Amino acid sequence: MSTYLDFEEPLKALEEQIAQTKEIGDSTDVDMADKVHALEQKLAEKTKEIFAGLTPWQRVQMSRHPDRPYSLAYINAISNNTFQELHGDRNVKDDKAMIGGFGLLDGETVMFIGQQKGINTKMRQYRNFGMPNPEGYRKALRLMKLAEKFGKPIVTFIDTPGAFPGLEAEERGQGEAIARNIYEMMRLKVPVICIIIGEGASGGALGIGVGDKVVMLENTWYSVISPESCSSILWRSWEFKETAAEALKLTSTDMKNNKLVDEVIIEPLNGAHRSQEEMFGIVKENIKNYLKELKAIAPEKRINDRIDKFCAMGVWE
Amino acid sequence: MGWFKRDKEGITTSTKEKKETPEGLWHKCSNCKTVFTESDFVKNFYVCDRCSHHERIGSKEYFEILFDEGKFTELDANLSSGDPLKFEDTKKYVDRVKATQKSSGLKDAVRTAHGKLEGMDFVIAAMDFGFIGGSLGSVVGEKIARAIDKAIELKCPFMIISKSGGARMMEAGFSLMQMAKVSGKLGQLAENKLPYISFLTDPTTGGVTASFAMLGDLNIAEPKALIAFAGPRVVKETIGRDLPEGFQTSEFLLEHGFLDYIVDRTELKQTLATSLKMFNN
Ligand SMILES: [Zn+2]
């Protein structure tokens with residue numbers, strides 16, 4: 001059963017109409033082909049209309065769409081189901097909100113890492129809603145170091161509402177874990193590609209977000225705070241989330257225009273969630289192109305370029 | 001500007017400084033409410049003589065306390081915030097910055113300087129909580145980055161005095177990326193084998209904790225400072241019960257292995273000098 005966001009409702013109505021019309025055509029002798037065709041055209045137009053004019057807040061809603069694919073779905077598709085998950089930070093435990101392991105990308109070994117959200121109520125709990133604890137970031141770093149040791153490129157998938165703000169997380173040094181990852185990722189000798197596939201919330205996202213290519217899927221957000229939290233802090237009310245979403249300039253287009261990410265990957269017209277296979281294909285092609293480009297650069301230069309890129313970010317007078 | 005001379009008995013203010021201190025100014029400890037003369041309080045490094053409470057101070061005071069004879073050269077003093085996002089909440093960001101600059105006399109939430117500490121070259125970046133909660137924006141990131149370049153140029157140790165509520169929301173994505181920027185520069189400092197001291201003071205939270213504040217070759221802190229990634233209110237809401245006594249204090253972080261030591265402000269300069277000599281020797 002698919003879920004429809006409020007602004008997707010007109011599509012739902014049309015899709016239902018098409019299905020009904022087809023059924024009539026199948027069960028009676030009346031030829032409904034023309035009518036179906038007309039409705040399908042209308043659906044295509046409506047789809048275009050709706051998704052071309054999404055507001056920043058609607059993009060945030062898209063990034064959290066319950067049908068949207070999560071990291072494992074991308075990894076399994078891109079690696080053609082060769083992904084072998086590797087567990088644990090070798091210290092405290094295995095964090096289920098952060099996954100990682102080797103997989104083959106058209107025959108080439110790649111280290112895949114990502115925050116993982118759950119696909120149903122039970123799994124959402126199990127995955128802690130995609131909010132890693134320090135051991136998640138430390139597992140990610142362990143795996144990145146493993147990849148570096150054996151000269152394998154790294155691809156991270158970012159999709160988190162934030163690093164977990166719990167008691168044990170603080171005790172075990174959530175801040176230190178994220179800081180260490182940022183520091184170490186800046187200096188990894190292998191190519192690093194970071195893809196925001198859903199929510200890119202603040203330090204929790206940046207903790208696996210330092211790379212040679214940092215790219216956002218079209219309908220995602222990336223900022224220092226969620227629009228809701230921003231609203232509650234700056235406007236002292238939860239009511240201003242739409243305004244906050246606008247103000248934060250958190251969409252892929254805004255982030256690209258401000259040179260805070262390298263590229264935007266355009267999604268299929270009706271969003272990653274309605275054309276998943278197509279989305280996986282597009283992401284895979286992009287990763288392959290980035291890798292080709294990055295591997296042509298000497299490691300030393302790649303690291304310096306990476307540092308220079310982040311050092312150029314900021315506006316002052 | 002006041003300045004200090006150090007002798008064996010501790011700190012004594014110069015005659016000039018004494019004359020400049022207006023008579024009849026009192027300081028009441030915000031913790032135990034004991035009243036001191038302002039000059040005694042300053043002489044004791046803004047620490048309560050009775051309960052050891054460390055009053056929050058800013059870059060001005062730390063520079064005076066740490067640099068020999070209070071002498072230093074400030075770096076990039078005029079760098080000031082832009083408004084890349086044309087951000088507006090209940091107030092325009094540009095107006096907020098201007099108003100804060102006027103009320104605080106500061107340009108932004110960090111000041112950077114080089115000088116001598118017990119004769120050794122030293123670069124310090126000191127954050128000012130009085131400027132939009134010591135929040136991490138582009139200017140903070142850029143000034144720290146340039147200060148690191150200065151330390152590399154002078155081949156000397158570097159210290160950041162953290163005191164921050166975290167990210168500067170009005171710079172959104174730009175604010176976030178300062179965490180990466182400073183971390184990248186710290187890597188270059190490390191490559192040059194120059195020590196980085198992270199000095200955490202009350203409060204150090206959010207994005208500052210999740211980047212440079214936790215990356216010191218030495219992480220040191222003032223007593224009883226709040227040091228956190230997620231603030232106590234957020235953690236309390238998450239777990240739905242009261243937080244244990246002393247949670248997220250310097251002492252708590254020391255116990256959990258995230259600090260090298262806690263140092264009383266009255267002994268800060270001496271202790272720091274001892275540490276730096278270990279590296280420089
Ligand atoms: Zn007191």
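V36(A) is partly exposed, because 17 other C-beta atoms lie within 10 Å of its own; a residue counts as buried with 20 or more such atoms, as exposed with 12 or fewer, and as partly exposed in between, the C-beta atoms being placed from the backbone. This residue belongs to helix α2 (residues 33-52) of chain A. Helices here are DSSP runs of H or I with at least four residues, strands are runs of E with at least two, and both are numbered from the N terminus. The model is predicted: local features need pLDDT of at least 70, side-chain atom pairs count only at pLDDT 80 or more, and totals for chains, interfaces and linings use all residues. Residues are numbered from 1 along each chain as its sequence is written, while chains are lettered from A and ligands numbered from 1 in the order in which they are written.

Apart from neighbours within four places in sequence, V36(A) is in contact with I18(A), T21(A), K22(A) and G25(A). Two residues are in contact if their C-beta atoms, placed from the backbone, lie within 7 Å. Between the C-alpha atoms of V36(A) and Q20(A), which are 16 residues apart along the chain, the separation is 9.5 Å.

Helix α1 (residues 9-27) of chain A and α2(A) have axes that come within 10 Å and cross at roughly 170°. α1(A) is therefore roughly antiparallel to α2(A). Axes are lines fitted to C-alpha atoms, for helices over the stretch in contact, and angles run from 0 to 180 degrees between N-to-C directions. Angles under 35 degrees count as roughly parallel, over 145 as roughly antiparallel, 65 to 115 as roughly perpendicular and the rest as oblique. Residues of α1(A) that meet α2(A) include L11(A), L14(A) and I18(A), and those on the α2(A) side include L39(A), L43(A) and I50(A).

The domain assignment, automatic or from a database, divides chain A into domain 1 (6-53) and domain 2 (59-311). Taken over C-alpha atoms, the centres of these two domains of chain A are 36 Å apart.

Another helix pair in chain A is formed by α6 (residues 134-149) and α8 (residues 174-185), whose axes are 8 Å apart at an angle of about 20°. α6(A) and α8(A) are therefore roughly parallel to each other. Among the residues that meet are Y137(A), L141(A) and M144(A) from α6(A), and A177(A), I178(A) and M185(A) from α8(A).

Helix α8(A) also takes part in the contact between the chains. That contact takes 43 residues from chain A and 48 residues from chain B. On the side of chain A that touches chain B, the largest share, seven residues, comes from α8(A).

Chain B has nine helices and eleven strands. Eleven residues of domain 1 of chain B are in contact with eleven residues of domain 2 of chain B.

Along the principal axes, the C-alpha atoms of chain B fill a box of roughly 50 × 45 × 40 Å. Of its 281 residues, 47% count as buried. Among contacts in chain B between residues at least 6 apart in sequence, 66% join residues at least 24 apart.
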